[in-house]
Amino acid sequence: MKIVADGLTKTFREKTALKEISLTVPQGAVFGLVGPNGAGKTTLIKIIMGLLQPTRGSVLIGGQPVHQDHRIKARVGYLADYQRYYPGFKVKDMYRLYRETYQKWSPERFEELRQVFNLPENAQVKHLSKGMHTQLSIILNLALKPELLVLDEPTAGLDPVIRRQFLSILMDEVAENGTTVFISTHHLHELERVCDHLAIVHEGRLIKSESLEDLKKKVRKIQAAFAGPLPAEVLQKPGVLNVEQTGRVYSITVEEGLDELAAELRQFQPLFLDFVDISLEEIFIHRMGGEGYGFKQILAP
Amino acid sequence: MFHIDQRSSTPIYQQLVQEVKAAILRGVLLPGDRLPSVRELASRLAINPNTIQKSYQELERQKVIETLRGKGTFVCLDYQVREDEERMDLFQNSLRKILVEAHYLGLNQERILALVSKQLEELGIGEGTR
Amino acid sequence: MALNRYLPHKTLFWKDWKTSLPVFVPFFLVVTFATTFFLQTEIIGGREFIGPWPGFAYFENRLHANDPWMGAAMFLLTVALAAMTLGQERERETLGLLLAMPYSRQDILFSKVVVGLMQILITLVLNALLMSLLVWANPGINYFFGLPEIWGWAGHSFLVLTFIFCFTVLIATVSGTTWGNYILALIFLWFPVGFFMLLYMNFRIWIDIPMEQFDDPIPLLRLTIEALFSLAYLKTIPLWLIAFNDLIIHQAAAGIGGRLVVPYLYGLLAILSLGLYALAQFLFARNPLEKDGEILVFERLEGFFKLGVIICCTLLVGPMVAAGVFGRLGEEFKLFLIPSYLVAGVGTWYLINRLLLWRRTK
């Protein structure tokens, strides 16, 4: 199920949380939203889910304006930034709530997942640990056979084992059912493994939104060595993110215009000139370095 | 079975290609062995299935593995270890870099060749191995 | 299938029923204790209920005569039932959970209202049944009421409590917290009577007219005074309306004209309740639901709310302050009244702003 957001702007009392965000999540994509705390990720997700109304702009899920049409939500699974529950509700009450709410509920899938996690059914939901909450959410959201999964920082605060389990099950779901996934995360490495599209938000603005494949193709490093010094202007192009020089060897991180720059450099008779792949982390460090310190959080393992 | 280093700058799909090949080389995977399905591997490694798919496609292109409809993906029985011009260029480039590095480590030709022999021995690449 | 449109969604119903039990159970117990249980003890004690039918008000008072707070409790718990059902969803942010599900806001609110009204109905009907049984099983006692009066009580209470419930639900759609809902509902239910009383009280201070001269020329004012006195029994506005009706029945001849007023008033209550519910649905659909945990959610209401509270506090606290500082009567008292109005007004304005700011920053 496709998501199309157009010019989303959200202003709260004093603050503008989102500024003209437009993005498209293609059908079947695993779309990662990344950005430091306070960038507006949760606000964006709440607007996509129809929980908040944008000040300007629109968002369509599967072609429907989600704020008006509640029925589309029958095919959407949602994991909020923190778990909310009814007091006095037990795990089995949550099962019942979801089972009876969603028409496409699959008892087989539910049983399958239930066996995997083996959660105590008579436990009060408020007594569950964060890890168990996540497991409960997985069971509930996957058993309803969603076409779209919207996950707000689902792995935050989880220990590595549960985190890994979560991502495994998510990938299994995507592989088996082609579910579209929209996931916001703090962890770049996680994103790189799991997502095929990415969007970066910072202070309410969308910095980048593209498929990982395109990104990795466009943003690469040129490693070259020259006998003589290189004139500075050659490297002062807008597409050049970063230049490191050790002796005669230059390491040039390029965001745009890779081939043109390479052609230009070849005119200076390099001793060697290679293209090197660069990790997402490096792209981030160089690209976001200018945008502010906040991005150090994303580079946590 | 396959180890993916997410901090490496090598794209994940490429790492997986190399891992599969290394596994075959080491004898962990034998010709005719069934590989995990895209779904299984995506789940096991927590990696996007498209990436796995890409790796498998590349491996198929290189005729290392083949997919039999309805049965699964298998290591080719008659995998031809052969030269491929494009990969040869890449390989020679990598080799050159390593040799430059070796030189600056203070290794002479004799030492380099000794190290190479040792590695070949450990990997089981003998004189006649194909 | 067409019937389903008029019934709430069964899962929502189950959820609302389950989560409202903490208030419903006390409500049920209080009403049962005040009515059936009380009646039972009276019967056992051999009390005799003799005399002509004195009217619902009196009947209700007798029923609650054991403890006037029981009547108050019934009223307060109904407000609590309504305040909680929406307030708790907001405070625990489970409304966010619900809205991510394929439920419309209309479904959600409808279910809550149906659950609340059903709970009230069940309580009253069960007690009416039990009391009927008690009366039927103990024929030796001379009751001044019979089965019609018991069921009349149940019907009357149901309409009154429905009104209160719907009113509070309406307040709950514009307020974000359970306590906010509760207090605002109480304030606004009392507001006409309270405001009138304050106006009258202050009016009386400025214009010294003995009580008796007010009696007949302006019956509305006298009724206001009577309503004020019945505050001791914490009657609500609807009951005040009913008391008003009693007086009309007594004053008018026993003709058709007098008798039709009763159904009119109850009909009015029912229609008002429906109107309040419709308005609540309207506002709930439009509520951006952004600031859970804030007392007032629509910004424009804040100004109106502040103004109302300031005026009331000025009228109430002004005379109190003046009386405290100076003696009760006399021209000097009136001189002090104006500055004490100012003090009360400004003080209230300051306090309200602090309160709203404090809630906002939490």
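Guide: Two strands pair if DSSP finds at least two bridges between them, and with that rule in hand we can look at this model, which is a predicted one.

Visitor: What makes strand 1 and strand 2 of chain A a pair?

Guide: Six bridges join strand 1 (residues 3-11) to strand 2 (residues 16-25) of chain A, and the rule asks for at least two, therefore the two strands count as paired. They run antiparallel, and they form a hairpin with four residues between them. Within this pairing, Ala5(A) stands opposite Leu23(A) of strand 2.

Visitor: How do you know that strand 11 and strand 14 of chain A are paired?

Guide: The reasoning is repeated here: strand 11 (residues 220-226) and strand 14 of chain A are joined by six bridges and run antiparallel, and at least two bridges are needed, so they pair. One of the residues involved is Ile222(A), whose bridge partner in strand 14 of chain A is Phe275(A).

Visitor: Why are strand 12 and strand 14 of chain A called edge strands?

Guide: These strands belong to an open sheet of four strands in chain A, with the order 12-13-11-14 and antiparallel pairing. Strand 12 (240-246) and strand 14 (270-276) each pair on one side only, and that is what the name edge strand expresses. On average, neighbouring strands of this sheet are turned by 15° against each other, direction ignored.

Visitor: How do you know that Ile48(A) touches Phe182(A)?

Guide: Two residues are in contact if their C-beta atoms, placed from the backbone, lie within 7 Å, and Phe182(A) is among the residues that Ile48(A) touches, together with Ile3(A), Ala5(A), Val59(A) and Val150(A), when residues up to four places away in sequence are not counted. Ile48(A) is also one of the residues with the most contacts inside the largest nonpolar core, which has 150 residues; Val150(A), Phe182(A) and Val169(C) are the others named. Helix 6 (residues 147-174) of chain C gives this core its largest share, 16 residues.

Visitor: What is the pattern of chain C along the sequence, and how many helices and strands does chain C have?

Guide: Chain C has twelve helices and zero strands, so the pattern read along its sequence is α-α-α-α-α-α-α-α-α-α-α-α.

Visitor: Which residues of chain C make up the side that touches chain A, by class?

Guide: In chain C, 16 residues are in contact with 18 residues of chain A. Helix 4 of chain C gives the most to this side, with four residues, and by class the side has seven nonpolar, five polar and four charged residues.

Methods
Residues numbered from 1 in each chain as written. Chains lettered and ligands numbered in written order. Predicted model: local features only at pLDDT ≥ 70, side-chain atom pairs only at ≥ 80, totals over all residues. Core = buried A, V, L, I, M, F, W, Y, C linked by C-beta atoms within 7 Å. Buried ≥ 20, exposed ≤ 12 C-beta atoms within 10 Å, placed from the backbone. Nonpolar A, V, L, I, M, F, W, Y, C, P; charged D, E, K, R; others polar. Axes fitted to C-alpha atoms, helices over the stretch in contact; angles between N-to-C directions.
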